[in-house]
Amino acid sequence: MFEHVKAFSAFSVDDIPAARRFYGDVLGIRVSEEHGMLTLHIAGGRDTLVYPKEDHTPATFTILNFPVPDVEAAVAELGARGVEFEKYDWTDEKGIARDYGPTIAWFRDPAGNVLSVIQLD
């Protein structure tokens, strides 16, 4: 039934203007707004809808993974833009996990949703 339908992802936030600033200004993603919702125009044709939800609860899982050639460099650049990385038992002091699959570091958007930068090679 859906084999030829171009599906898209969506997630909620509690503050659309804060999300627009974060995704557009901090992460550098092209963002458009219509009907009080955002569309993140992610490379590769992966548009993602961001919608407001008054009783928003942050996702406890990674909602978006951003492949990067060098996680260490991405963490440094995003850190310089004010992004704070999550620290877990399995991450180093920078928040980078290196020994459990691909090198990856997690951070949160202003609504508390979990995102990552991940090195796939």
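Just after helix α1, Gly 28 takes a positive phi of about 75°. Helices (H or I, at least four residues) and strands (E, at least two) are DSSP runs, numbered from the N terminus. The model is predicted: local features need pLDDT of at least 70 and side-chain atom pairs count only at pLDDT 80 or more, while totals for chains, interfaces and linings use all residues. Residues are numbered from 1 along each chain as its sequence is written, and side-chain values use heavy atoms, with hydrogens and water left out.

**Helices**

Helix α1 covers residues 16–26, and its buried residues are Ile 16, Ala 18, Ala 19, Phe 22, Tyr 23 and Val 26. Buried means under 20% relative accessible area, exposed over 50%, and partly exposed in between (1.4 Å probe, protein chains only). Seen down the axis of α1, these buried residues fall within an arc of 165°, so they line one face of the helix. The arc is that of the directions from the helix axis to the C-beta atoms. The N-terminal end of α1 is capped by Asp 15, which has a side-chain oxygen 3.0 Å from the backbone nitrogen of Ala 18.

In α2, the buried residues include Val 71, Ala 74, Val 75 and Leu 78. They cover an arc of only 100° around the axis, which puts them on the same side of α2. The buried residues of α2 pack against α1, β6, β7 (103–108) and β8 (114–119), contact meaning heavy atoms within 4.5 Å. Exposed Ala 76 and Ala 80 sit on the face of α2 turned away from its buried side. At the start of α2, a side-chain oxygen of Asp 70 comes to within 3.0 Å of the backbone nitrogen of Glu 72. Gly 82 follows α2 and has a positive phi, near 95°.

| Residue | Relative accessibility | Class |
|---|---|---|
| Ser 12 | 10% | buried |
| Gly 36 | 36% | partly exposed |
| Thr 91 | 14% | buried |

Ser 12 belongs to strand β1 (residues 9–13). Its side chain makes a polar contact with the side chain of His 56 at 2.7 Å. A polar contact is a pair of N or O atoms within 3.5 Å; within protein, one must be able to donate a hydrogen and the other to accept it, and residues adjacent in sequence count only if both atoms are side-chain atoms. Not counting residues up to four places away in sequence, Ser 12 touches Tyr 51, Lys 53, His 56 and Asn 113.

Gly 36 is placed in the loop between β2 (30–34) and β3 (37–41). Gly 36 and Pro 52 are 16 residues apart in sequence, with a C-alpha to C-alpha distance of 7.6 Å.

Thr 91 lies in the loop between α2 and β6 (96–97). The side chain of Thr 91 reaches the backbone nitrogen of Tyr 88 at 2.9 Å.

**Largest pocket**

The lining of the largest pocket has 22 residues, and Leu 27, Ile 29, Phe 66, Pro 67 and Val 68 lie nearest its centre. A pocket, on a 1 Å grid over the protein atoms alone, is an open set of points where a 1.4 Å probe fits, with protein on both sides within 12 Å along at least five of seven lines; lining residues have an atom within 4 Å of a point. The elements giving two or more residues to this lining are β5 (62–67) and α2 (71–80). β5 supplies the largest share, five residues.
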